[in-house]
Amino acid sequence: MTPEIQELLAALEGEGYVAEPSIATALFLARELKKPLLVEGDAGVGKTELAKVLARLLSTELIRLQCYEGLDVQTALYEWDYPRQLIRLRLSEGRSEDSQELEARIFSRNYLLERPLLRAITRQDRAAVLLIDEVDRADDGFEAFLLELLSDFQVTIPELGTIRAEHTPHVLLTSNRTRELGDALRRRCLYLYIEHPSLEKEVRIIRTRLPETREGLAGEVGRFLQALRARELVKPPGVAETLDWTQALLRLRQDSLEAGIVTQTLGCLLKDRHDLQAVTASDVAALVTLAREAP
Amino acid sequence: MTDIALGLGRLGRALRNQGVGVTLRDELDAADALCLVGLADREEVGRTLRIALKIPRFDLATFERLLGLFWSDEAGVPPAAPLRPRQAPAAPRGPALHWDPDARRMGVAHAAPGPGDRPGWSREALLRRRPFAEEWSPRDLVAMERLLARLARRLATRRGRRLVPTRGRGRADIRSSYRRALRTSGELLSLARRAREVREPRVAFLLDTSGSMDAHTRFLLSFTLALRRAAPSAEVFVFNTELVHLTPWLAAGKVQLSLDRLAAAVPDWSGGTRIGECLAAFADEHFRRSPDGKTVVVVLSDGLDRGDPALLAQSVRRIRRRARKLIWLNPLAGDARYEPSAAGMRAALPFVDHLGSAHDLRSLEKALAHLVA
């Protein structure tokens with residue numbers, strides 16, 4: 001393995017993110033090639049967490065843009081501070097002020113409200129981590145706009161001129177595949193698909209994030225989750241659910257899985273009515289037995 | 001370096017031949033990326049290529065297989081990837097739809113003198129209640145298409161959530177209003193307004209062409225085609241034992257499509273039914289690539305299935321999860337005594353938003369309302 005990737009892998013783990021080699025490879029390539037990284041995967045596999053960890057790792061600011069349908073440029077990029085501009089105009093009334101100077105003043109950076117995307121490219125000291133979360137929820141129009149921004153990292157504001165990025169931010173885009181992204185956007189990025197973790201990884205994640213978990217319980221939880229995910233589920237539980245559930249078990253002072261408690265706490269893992277109905281009490285008992293068998 | 005470039009070019013071409021969309025740009029990215037990692041580690045090269053070539057998850061198996069073919073220790077010429085077999089224009093199977101060049105419409109050729117010759121009679125009103133299973137004259141068909149086109153236009157007026165500036169009525173847009181006020185030295189003289197944008201509807205039709213649907217197929221197909229004229233983004237599929245994506249056949253300029261060719265493209269026209277498999281194929285191959293939670297999926301089928309009801313239920317559920325709405329139109333449901341008792345229909349029912357009949361135009365008109373809502 002390339003030494004830089006190995007280093008990154010260790011650093012990620014040091015920050016509490018147990019990563020597959022492919023994740024470290026993707027981060028490394030994105031950084032070296034200065035390309036945005038598009039991360040896809042089921043809910044709860046740690047897509048957003050990856051950006052947070054990366055920001056901690058680079059000790060820089062994490063700038064997050066949550067996408068939604070109807071997201072527009074005023075919320076994502078910049079907006080003029082109209083009320084303040086108006087007040088400034090009113091104050092200048094009666095005074096003999098040079099109109100051109102006044103105009104230059106009210107359309108200066110002081111009156112510009114920076115939204116996440118603009119803030120990400122105007123940071124002075126170092127490159128920020130820009131997380132564009134759930135980009136599939138924004139509409140096609142916004143996607144096209146994003147495409148332009150991600151290729152040049154510059155923004156043109158009619159009244160101000162073009163603002164170029166001081167430092168190209170590290171861009172992570174996440175998508176839940178609620179809608180297929182445009183091909184152009186996908187091509188502009190590097191692409192990473194995060195799978196659910198393997199048993200060994202999952203146990204290590206539990207132990208890293210919740211150190212008070214005993215080894216035995218972590219193993220049982222891991223095996224239970226692996227078996228549960230093998231079933232046909234509407235919403236397979238992700239790592240986030242695993243951690244929630246383990247925490248719940250810890251809070252209930254459980255040292256080992258027990259069918260009754262598992263059934264009661266199944267809501268931590270399965271968050272869909274169909275799934276909850278599909279996994280019956282006898283299924284739970286079978287899964288628990290399976291999980292408790294020593295490997 | 002030239003070796004890498006050559007290998008990448010070949011891998012890219014092999015991937016494209018297998019239907020994995022890899023562009024020159026991706027290959028350039030991959031070349032850049034390969035310069036950064038160790039080439040000795042097969043695993044790492046695989047990971048790097050996957051990331052830089054942007055291989056979607058469902059194409060991962062194809063990618064791994066091809067990479068395996070290309071990755072050999074003796075750095076010789078990689079084996080030529082097998083070309084995907086092109087679909088040859090096969091001889092028409094089964095009874096082809098009839099094409100009458102004079103009528104320019106599909107359907108039965110012999111025009112029986114219809115009741116339309118009587119005065120004071122509205123062709124449309126009668127048409128609406130006329131069961132599809134009966135014979136239709138070419139004139140009826142023309143009238144039907146006209147009616148359909150009008151109904152379909154209603155489809156194209158769904159509103160999205162995005163607010164766009166409007167000159168008419170709408171919500172006040174304070175930001176733009178202020179911005180406009182700057183022109184008049186801060187006096188708010190008029191309000192700018194925004195309203196929800198008009199959205200093109202996303203509809204996917206899945207039309208059952210099996211033998212049991214034969215009487216209805218032609219009309220349902222022309223219904224779908226008329227809808228497509230009003231909403232060009234609509235996707236059309238037909239299925240019986242296999243799923244066929246019809247939309248490419250209906251591309252602009254091919255409106256005068258030859259139905260013989262169409263029939264040739266659809267295997268086993270009027271044959272048996274395997275709804276479960278076909279819907280699974282739709283969910284896997286097509287709907288997976290365009291899932292947006294905005295598509296309305298319309299299945300036109302009688303639900304008489306020879307396959308496994310469990311598979312059908314599972315497929316329907318998967319489609320429902322990704323669709324905005326799932327509408328099932330069943331020609332049999334026009335009968336008042338109809339109960340969804342066929343195993344396939346029963347399996348699908350829990351996941352269907354609306355089960356409607358599709359035996360005459362009026363019922364389709366009703367179904368349209370559900371499409372728009």
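Predicted model: local features only at pLDDT ≥ 70, side-chain atom pairs only at ≥ 80, totals over all residues.
How many residues of chain A are in contact with chain B, and how many of chain B with chain A?

**View 1. The side of chain A that touches chain B.**
Here 32 residues of chain A are in contact with 34 residues of chain B. On the chain A side, the elements that give two or more residues are helix 2 (21-33), helix 5 (82-92), helix 9 (183-188) and strand 9 (190-193). Helix 2 of chain A gives the most, with seven residues. By residue type, the chain A side divides into 13 nonpolar, seven polar and twelve charged residues.

**View 2. Helix 2 of chain A from end to end.**
Let us stay with helix 2 of chain A, which gives seven residues to the side that touches chain B. Helix 2 of chain A has 13 residues and reaches 18 Å from its first C-alpha to its last, close to the 18 Å expected at 1.5 Å a residue. Which residues are buried in this helix? They are A:S22, A:I23, A:A24, A:T25, A:A26, A:L27, A:F28, A:L29 and A:A30. Just after the helix, look for A:K34, which takes a positive phi of about 55 degrees.

Chain A as a whole has 15 helices and nine strands, and 37% of its 295 residues count as buried. Strand 5 of chain A (residues 129-133) is mostly covered, with four of its five residues buried. Strand 2 of chain A (residues 62-66) runs parallel to strand 5 of chain A and is joined to it by five bridges. In this pairing, A:L130 of strand 5 has A:I63 opposite. Strand 8 of chain A (residues 170-175) also runs parallel to strand 5 of chain A, with four bridges joining the two. Here A:L131 stands opposite A:L172 of strand 8. For the chain as a whole, residues 24 or more positions apart account for 77% of the contacts with a separation of 6 or more.

**View 3. The buried side of helix 10 of chain A.**
Helix 10 of chain A (residues 199-209) has A:E202, A:V203, A:I205 and A:I206 as its buried residues. Why do they lie on the same side of the helix? They cover an arc of only 155 degrees around the axis, which puts them on the same side of helix 10 of chain A. An α-helix has 3.6 residues a turn, so residues three or four places apart point the same way. What covers these buried residues includes helix 11 (215-230) and helix 12 (239-251) of chain A.

**View 4. The open sheet of chain B.**
Moving to chain B, we find an open sheet of six strands in the order 8-7-6-9-10-11, with mixed pairing. Its edge strands, strand 8 (243-245) and strand 11 (354-357) of chain B, each pair on one side only. From one strand to the next, the twist averages 20 degrees.

**View 5. Strand 6 of chain B, buried on both faces.**
In strand 6 of chain B (residues 202-208), seven of the seven residues are buried. B:R202, B:A204, B:L206 and B:D208 point one way, while B:V203, B:F205 and B:L207 point the other way. In a regular strand the side chains alternate between the two faces of the sheet. Six bridges join strand 6 of chain B to strand 9 of chain B (residues 295-300), and the two run parallel. Within strand 9 of chain B, B:V296 is the bridge partner of B:V203. Strand 6 of chain B also pairs with strand 7 of chain B, in the parallel sense and over five bridges.

**View 6. A close look at B:F239.**
B:F239 sits in strand 7 of chain B (residues 235-239) and is the bridge partner of B:D208. Is B:F239 buried or exposed? B:F239 counts as buried because 24 C-beta neighbours lie inside 10 Å. Leaving aside neighbours within four places in sequence, the contacts of B:F239 are B:L206, B:D208, B:V244 and B:C278. The C-alpha atom of B:F282, 43 residues apart from B:F239 along the chain, is separated from that of B:F239 by 9.7 Å.

How values were computed. Residues numbered from 1 in each chain as written. Chains lettered and ligands numbered in written order. Buried ≥ 20, exposed ≤ 12 C-beta atoms within 10 Å, placed from the backbone. Contact = placed C-beta atoms within 7 Å. Nonpolar A, V, L, I, M, F, W, Y, C, P; charged D, E, K, R; others polar. Pairing = 2+ DSSP bridges. Expected span 1.5 Å × (residues − 1). Arc of directions from axis to C-beta. Axes fitted to C-alpha atoms, helices over the stretch in contact; angles between N-to-C directions.
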